[in-house]
There are 2 protein chains.
Amino acid sequence: MAGGIVALAEQLQGICLGRGLTVALAESCTGGLVAATITEVAGSSGYFLGGVVSYSNDAKATFLDVAQGTLDAHGAVSAQVAKAMAAGARARFGASLAASITGVAGPDGGSEEKPIGLTYVGLATAAGVDVRRYQFAGDRAGNREAAARAALEWLVEAAPGAAPR
Amino acid sequence: MAGGIVALAEQLQGICLGRGLTVALAESCTGGLVAATITEVAGSSGYFLGGVVSYSNDAKATFLDVAQGTLDAHGAVSAQVAKAMAAGARARFGASLAASITGVAGPDGGSEEKPIGLTYVGLATAAGVDVRRYQFAGDRAGNREAAARAALEWLVEAAPGAAPR
């Protein structure tokens, strides 16, 4: 894993252990990359509860309670699904914070409306659920790492102000 | 990700797409490393349904139906829990094959009975659930990669004879 994103995971761990926060994940296009980066750091079991790699739509519904109607209406790569994934992960794991990632990593699956690199990152805390939209311009590996970095950066940004649970 | 384990993921993808098989995962000590490796390969959404990173015991019960009694009696790092995780992932995702990994990656968490590097890999198919025991001798990163490799090798070994679902 690239050193840069492991450093973010170390930073997140320091904040969460210090403040008694727990973290969960719902990953689609990153496919476990954020969880693998977080758990690369020794001691991560002290705050990281786990994650769901919801590569199929069925998994998004079964494990994260994303409504089939939301998937049908907006598609898996959408702000609405990113928010539902984050909220579902936070509720199901009982975590203080949960981040979600859904995007088109490429090289296949792009369209005019949803080009390769389009990625939504969701964040759920006690204060509510929010989403950010990105348009990355890398190849599959680059887009996945950029998405993982965006999720970790947002967790690091939000954790100091988040309420424990 | 090390080239060696991505090559195993490419091999697995070739077999599964050719035979109409689907795969799911339940990862504990590898923390998403197997899912991240599988999804590094373009086209993996054609057979990979997803995975659960069950870092906490609660997550093993909630997402994979591992019985609390099994966790209490044998501990999270045990043949029994590895088998339950694999069976739970296969059932919940509706996959042809599911692999599970639970172990002590280190540097903390080792004991006389369950030393650092002790790892169980489970595999569930239509034919049943089986488990293999390993004692790795690396550091945290080395043990995680060895565990990921063992799971991918077993999937590659089992897929040619596995029934679709």
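Helix α5 (residues 79-93) of chain B comprises 15 residues and spans 21 Å from its first C-alpha to its last, close to the 21 Å expected at 1.5 Å a residue; the expected span is 1.5 Å times one less than the number of residues. The model is a predicted one, in which local features need pLDDT of at least 70, side-chain atom pairs count only at pLDDT 80 or more, and totals for chains, interfaces and linings use all residues. Residues are numbered from 1 along each chain as its sequence is written, while chains are lettered from A and ligands numbered from 1 in the order in which they are written. Helices (H or I, at least four residues) and strands (E, at least two) are DSSP runs, numbered from the N terminus.

**Helix α5 of chain B**

- Because 12 of its 15 residues are buried, α5(B) is largely enclosed by the rest of the structure.
- A residue is termed buried if 20 or more other C-beta atoms lie within 10 Å of its own, exposed if 12 or fewer, and partly exposed in between, with C-beta atoms placed from the backbone.
- The buried residues of α5(B) include B:Lys83, B:Arg90 and B:Arg92, as well as B:Val81, B:Met85 and B:Phe93.
- Just after α5(B), B:Gly94 adopts a positive phi of about 70 degrees.

**Fold of chain A**

- Chain A contains six helices and five strands, in the sequence order α-β-α-β-α-α-α-β-β-β-α.
- The radius of gyration of chain A is 15 Å, close to the 15 Å that the globule rule gives for 165 residues, so chain A is as compact as a globular protein of that length.
- This radius is taken over C-alpha atoms, and the globule rule is 2.2 Å times the number of residues to the power 0.38.
- The C-alpha trace of chain A spans about 45 × 35 × 20 Å along its principal axes.
- Of the 165 residues of chain A, 55% count as buried.
- Among contacts in chain A with a separation of 6 or more, 68% are between residues 24 or more positions apart; a contact requires C-beta atoms, placed from the backbone, within 7 Å.

**Interface between chains A and B**

- The contact takes 28 residues from chain A and 28 residues from chain B.
- On the side of chain A that touches chain B, the elements giving two or more residues are α2 (33-39), β2 (48-54), α3 (57-64), α5 (79-93) and α6 (140-158).
- The most is given by β2(A), with seven residues.
- Five bridges join β2(A) to strand β2 (residues 48-54) of chain B, and the two run antiparallel; strands pair if DSSP finds at least two bridges between them.
- In β2(B), B:Gly50 is the bridge partner of A:Ser54.
- A rotation of 180 degrees with 0.0 Å of shift along its axis superposes chain A on chain B (RMSD 0.0 Å), and the two copies are thus related as by a two-fold rotation axis.
- The superposition is by least squares on the C-alpha atoms of residues with pLDDT of at least 70 in both copies.
- Since 100% of the interface residues of chain A are also interface residues in chain B, the copies meet through the same surface.

**Backbone features in loops**

- A cis peptide bond, with omega about 0 degrees, joins A:Gly106 and A:Pro107, and A:Pro107 is found in the loop between β3 (97-103) and β4 (118-125) of chain A.
- A:Asp65, a residue other than glycine, has a positive phi near 60 degrees and is found in the loop between α3 and α4 (68-74) of chain A.
- With 14 C-beta neighbours inside 10 Å, A:Asp65 counts as partly exposed.

Key
Two residues are in contact if their C-beta atoms, placed from the backbone, lie within 7 Å.
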